[in-house]
Amino acid sequence: MTKSALQIARAAYQPKLPKALASGNVKAVAGAATQSVADQEAIKALFPNTYGMPLISFEAGESTKPAAMNVGVILSGGQAPGGHNVISGLFDGIKKLNADNKLYGFILGPGGLVDHNYMELTADIIDEYRNTGGFDIIGSGRTKLETVEQFEKGYEIIKQLGIKALVIIGGDDSNTNACVLAEYYAAKKYGVQVIGCPKTIDGDLKNDMIETSFGFDTACKTYSEVIGNIQRDCNSARKYWHFIKLMGRSASHIALECALQVQPNVCIISEEVEQKDMSLDDVVTYIAQVVADRAAQGNNFGTVLIPEGLVEFIPAMKRLIAELNDFLAKNSEEFSHIKRSHQRDYIISKLSPENSAIYASLPDGVARQLTLDRDPHGNVQVSLIETEKLLSEMVATKLDSWKKAGKYVGKFAAQHHFFGYEGRCAAPSNFDADYCYSLGYTASMLIADGKTGYMSSVRNTTAPAAEWLAGGVPITMMMNMERRHGEMKPVIQKALVRLDGAPFKAFAAQRDRWAAETDYVYPGPIQYFGPTEVCDQPTKTLQLEQAK
Ligand code: FBP
């Protein structure tokens, strides 16, 4: 494998650990019993073996040394920078407990467990991947672990390999499934522990005990670097409006964090759009007004950040998509015989008057995407909708009408971007390298202490790493009941952007100034070596949330 100069230098980086873990001798201290965030009775009934367990914190002290054991690890879902460091922290942790301990990686996600596809992760392999981005050490996948057949197939290979504990590195859904699996193995008395680790660039797996999901820091810094570069280009040529869509699935944490880092002219926050019951036209009018006001000052350029999940948060669009899903599911045969050039009119003639009017107002390309790109369940894949083009085309149309009415004098030319995959496998920032290594190491301590159904937790993350607090949180504590595919299910509560939270408030207090003025910030690339204020800053989101 040919390595870049940075990769070679970075391999030597020793991630920092919380003081208690670095001490070498670690004891687990149990806190008070816990309960789920909501629906306590229902969750308790579904998780009789793993409900109500205490919070665990690790302190320096006499530790118990368990007998030699084997551990399995799975990377689940979308990539996030730092996954390899979770695995190397876990590896170092179990080797410290006993040099004979072994680590097995299941290949390409949870499917590897079910299909018995695995490899042993030896020291040589681990050393190749320390402090690197990506999940390629064992690969990742999106198979959901949710059926008894899958649990039993998994148990077969777990037994065969003598695995005592399984670590699942994933987002809210994967950790929900980790908890269901922990409960199942506990109920069956199989003696297999299951531990989760909080992963996702989306930043939506967080609560009082999980301050942030790993990967969010590096991904946001990577996007902010590129947005900063675009802003400098934009401010140099002064002739384009850049519409930039950012990944993040439903939640707008990534867009908000990037806005705080780069100070764009516009950033839309889906959660606010929903709360204010804004229509698509309201969003378009808001952007067009900023464009017009800047044009009046002679500034025909700017930047607009758009979270990828926006369309789902516009109540009227949600209703349109729901009706389209139903209609096309029932009439797919007839629809497939309609000539492409007539499809738009056909749909307009079939929908309810309200949805038909909205559909008719959409640009051609987006209208087509809404009818074509469906997932295997028949749903529109909203992440494929080019929201950045939808908004810029609608803004252009609105500006034309304002021009005719004498309300706008200016030029509007747009460029479009979508940033997502660019940031998911970036080399982890110092924060993510340290945080991930600590999460993995903490997971090994939870295993040593015999815990199951816990998520690895590292807190106090705006302080230097030595002051971080390592421990475990029962996953049932984060759960509530939600309707999924028509049924009530226990799931980890997803954390959307809180409009009463400090990050949103800081953004809202400054956005009008950012819209009018050109006060761009250019964060530049992530730095791995150099002054601590350049290399070790956590996200603005964390700094604002944790500010005392
Ligand atoms: P996870 O929720 O699994 O961490 O994935 C995050 C994410 O990057 C989202 O931001 C994005 O919508 C989705 O994955 C894209 O999925 P895919 O990798 O399957 O294209």
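Biologist: Let's start with serine 57. Which residue is its bridge partner in E13?

Modeller: Serine 57 has glycine 471 as its bridge partner in E13. Before we go on, this is a predicted model, where local features need pLDDT of at least 70, side-chain atom pairs count only at pLDDT 80 or more, and totals for chains, interfaces and linings use all residues. Residues are numbered from 1 along each chain as its sequence is written, and side-chain values use heavy atoms, with hydrogens and water left out.

Biologist: What else is E13 joined to by bridges?

Modeller: Strand E12, residues 454–459, is joined to E13 by 6 bridges, and the two run antiparallel. Glycine 472 turns up here too, as the bridge partner of serine 456.

Biologist: Is E13 largely enclosed or left open?

Modeller: Largely enclosed by the rest of the structure, because 5 of the 6 residues of E13 (469–474) are buried. Buried means under 20% relative accessible area, exposed means over 50%, and partly exposed is in between, with a 1.4 Å probe and protein chains only.

Biologist: Back to E2. What does E1 do with it?

Modeller: Strand E1, residues 26–33, pairs with E2 in the antiparallel sense over 6 bridges. One example is alanine 33, whose partner in E2 is proline 54.

Biologist: What holds strands together in a sheet anyway?

Modeller: Strands pair through backbone hydrogen bonds, either parallel or antiparallel.

Biologist: So where's the parallel pairing here?

Modeller: Look at the open sheet of 4 strands in the order E9-E10-E8-E11, where the pairing is parallel. E9 (266–267) and E11 (414–419) stand at the edges with a single partner strand each, so one side of each has no neighbour in the sheet. E9 pairs with E10, residues 302–307, over 2 bridges, and valine 266 has valine 304 as its partner in E10.

Biologist: What comes in the loop between E9 and helix H11?

Modeller: Isoleucine 268 is found in that loop, with H11 covering 270–275. Isoleucine 268 counts as buried, at 4% relative accessibility. Leaving out residues up to four places away in sequence, isoleucine 268 touches Ala255, Val273, Val283, Tyr286, Ile287, Leu305, Pro307 and Leu310. Contact here means heavy atoms within 4.5 Å.

Biologist: Switching topic: how many salt bridges does the structure hold?

Modeller: There are 22. A salt bridge is a side-chain nitrogen of Lys or Arg within 4 Å of a carboxyl oxygen of Asp or Glu. Lysine 144 and aspartate 173 make one, at 3.9 Å from N to O. Lysine 144 sits in the loop between helix H6 (123–129) and helix H7 (148–160), and aspartate 173 is in helix H8 (172–187), so this pair ties together parts that are 29 residues apart in sequence.

Biologist: Which salt-bridge partner does arginine 513 have at 3.4 Å?

Modeller: That's glutamate 517, N to O. Aspartate 519 also forms a salt bridge with arginine 513, with the closest N and O atoms 2.8 Å apart. Elsewhere, salt bridges that share partners join Asp92, Asp127 and Arg130 into one network.

Biologist: You mentioned H7. Which of its residues are buried?

Modeller: Gln150, Phe151, Gly154, Tyr155, Ile157 and Ile158 are the buried ones. Their cover includes strands E4 (102–106), E5 (118–120) and E6 (163–170), plus helices H5 (110–114) and H8. Just after H7, glycine 162 takes a positive phi of about 65°.

Biologist: Last one: what does the UniProt annotation say about residues 70–338?

Modeller: The unreviewed entry carries the annotation "domain: Phosphofructokinase" for that stretch. UniProt positions are in the numbering used here, feature names are shortened, and annotations may be inferred rather than shown by experiment. In the model, residues 70–338 are 51% helix and 16% strand, with the end C-alpha atoms 59 Å apart.

Technical notes:
Two strands pair if DSSP finds at least two bridges between them.
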